[in-house]
Every structure is written in structure tokens, then in C-alpha cells.
Amino acid sequence: MMDRALVYVIILLLVVILCQQFIYKKGIEIKLKKMSRELSHILENDSNEKVMVFTDNKILIDLCGQINRLLLERQKIKSAFRKQEISSKKMLSNISHDIKTPLTVILGYLEMIRLSHEGDQALQKVEVKARQVLELINEFFTLAKLEAGDMKIEVRKININELCRESILSFYDILSGKNFMVDIFIPEDNLFVQGDRDAINRILSNVISNALRYGKDGKYIGFTLRESENHVYIDVIDKGKGIEKEFALSVFERLYTMEDSRNRKIQGNGLGLTIAKNLANQLEGDIFLESEPNVKTIFTVKLKKYKC
């Protein structure tokens, strides 16, 4: 009987030990999963939080400390990168301004010389090329100021119907001269957006210029103003060669141009859409692209509605 009782006691102790080990292991597993979720949340949201764990397990405490050490180093690297990025953008803005000023003076002298040497074809070509360089520098200067946060944008109530009519009207001579079919829909009831008049005008001008440049083969421009509950949408449509899906995002990258973009009657330096998207983002809006090559290409400008 004593032997049997001893066996029962040993079995019971083994069961208790195994249960304790299972509970201990399960507790560690739960804490590891919690740490993993917290780390995933921090990385996905790009936050500056730290991983927290409440335990007396020295290994878990040490692991948590090493993870937080890596997160702290990550924050330092991000901060240094942002400072360097801002510094680079401000430097580019300053360089663009420093180049722009003397070039403007050069253009003034070129114009004076041309007026006293009328008919000099070579001089005229030099002046045209100088103006093209100045145009490109102005675009660089605008983009640099935008990215450096140095461009003043005053958000106020804007009548978008009126601004749309002015924008499309400014291209009347080009559209009529190239025999484009123009299809415009701007509702009679006024819509108002939160924006900056100059910024929105620049956005629309750049998007329409792009449609004329790349959609010229279709001889068609569509312009539609529509609304949802919280936003206003402006669709600029062309029926030209379009843009393949693999290039859809690239068109908003700086200096990206298609092979036949060098038509100087219309903007074509590869910065127009980059500037337009940047401006739209700063107005808490965006620009989207939908294209079916040789059928229809739609650039949609999204802007926030004005709330009283």
C-alpha cells in the first residue's frame, strides 16, 4: 500500500510540475504575442511609442529593452533624415533663386540687344532658349519652395465654378487653333472649396496642359466639375494615346516626361504634374489618374468642400 501511495504522490507531483510549466510557457507566449502586436502597431503607424511588457522574466525584460533600444535608434535616424531633407530642399530653393536672378538680368539685356538688331535670327533663338531655361528654373524654384514648406498658401472659401471657367477659357486659343472638340460640364449651382486661388489655378493649368500635350492625337478635351458630400472633383479628360498602368504613378514624379513632351507652346518640363499633386496635397486634396490607352485618360483633382 505504501508503494502504491508513493507512486500516486510522484504522479501527482509530475502532473503539478507539468501544469506549472505549461502555464509558465503559455504566459510567456501570451506576453510575446502582446509585444509582437505592439511592435507591429508602432511600425505600421510610424509612431514614437515604446513596447511595454509587465513581467518578472529577466529574458523578456532584456528582450523588451533591446527592442526599445532599436526603436530609439530608428527615431534618431528618422529625425536626422528629416532635418537633412529639409536642409537639402531649402538649399535647392536658394540655388534656384540665385540662378534665376542673374538669368532674368541676362534676358533683359538680350531683349535690348534684339530690339537694336531686328531680324537677327541667331539672337532670337538665344533669347528663346534663355526663356526656356528661366521657365525650367522657375518650376524648380516653385517645387523647391513647396517641398521646403516655404510657399505661403492661404486657405479660404473659393468659388470653384468660377475658377474652372477661367481656367478652361485661358486655353481657348490653343484649343480652337488645334481644332479640339471641347466638352465642358460645370453645374450652374455654385460649389465652394477650401483652397488657395493661385494654387488651384496652377493645379488646373498644369493638368489641362498635360492633357493637351499627351492627348493631342485624340483632338478632344473634356472638363467636368462634380461633387460628393465632402469633396469636389474636377475631371480633365482626353482621348489620346493614354498612359500604360506601369507608368501611372510615375507621371507624378519630378522630371518624368513621355518621349514627345517637348512642345513649348504647352508646359513640358516634367515638373507640372509633380507641382500640381504637391499643391493638391497641401490643400488636403489629391490628384488621381485613370487611363485606358488610346481610348480615354482622366486626371481627377480632388478638393475639400468649404464647410460653413
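Modeller: Start with pLDDT, the predictor's confidence in each residue, from 0 to 100. The protein chain averages 80, and 84% of the residues score at least 70. Over residues 259–268 the pLDDT is below 50. Where pLDDT is low, the predicted coordinates should not be read in detail.

This is a predicted model: local features need pLDDT of at least 70, side-chain atom pairs count only at pLDDT 80 or more, and totals for chains, interfaces and linings use all residues. Residues are numbered from 1 along each chain as its sequence is written, and side-chain values use heavy atoms, with hydrogens and water left out.

Now the sheet. Helices (H or I, at least four residues) and strands (E, at least two) are DSSP runs, numbered from the N terminus. Two strands pair if DSSP finds at least two bridges between them. Five strands form an open sheet with mixed pairing, in the order 2-4-5-7-6. Strand 2 (181–185) and strand 6 (286–292) are the edge strands, each pairing on one side only. From one strand to the next, the twist averages 15°. Axes here are lines fitted to C-alpha atoms, for helices over the stretch in contact; angles run from 0 to 180 degrees between N-to-C directions.

Strand 6 runs antiparallel to strand 7 (residues 296–304), and seven bridges join them. Glutamate 290 has isoleucine 298 in strand 7 as its bridge partner. Helix 7 (residues 272–282) packs on the sheet and touches strand 6 and strand 7. Contact means heavy atoms within 4.5 Å. The direction of helix 7 makes about 135° with that of strand 6.
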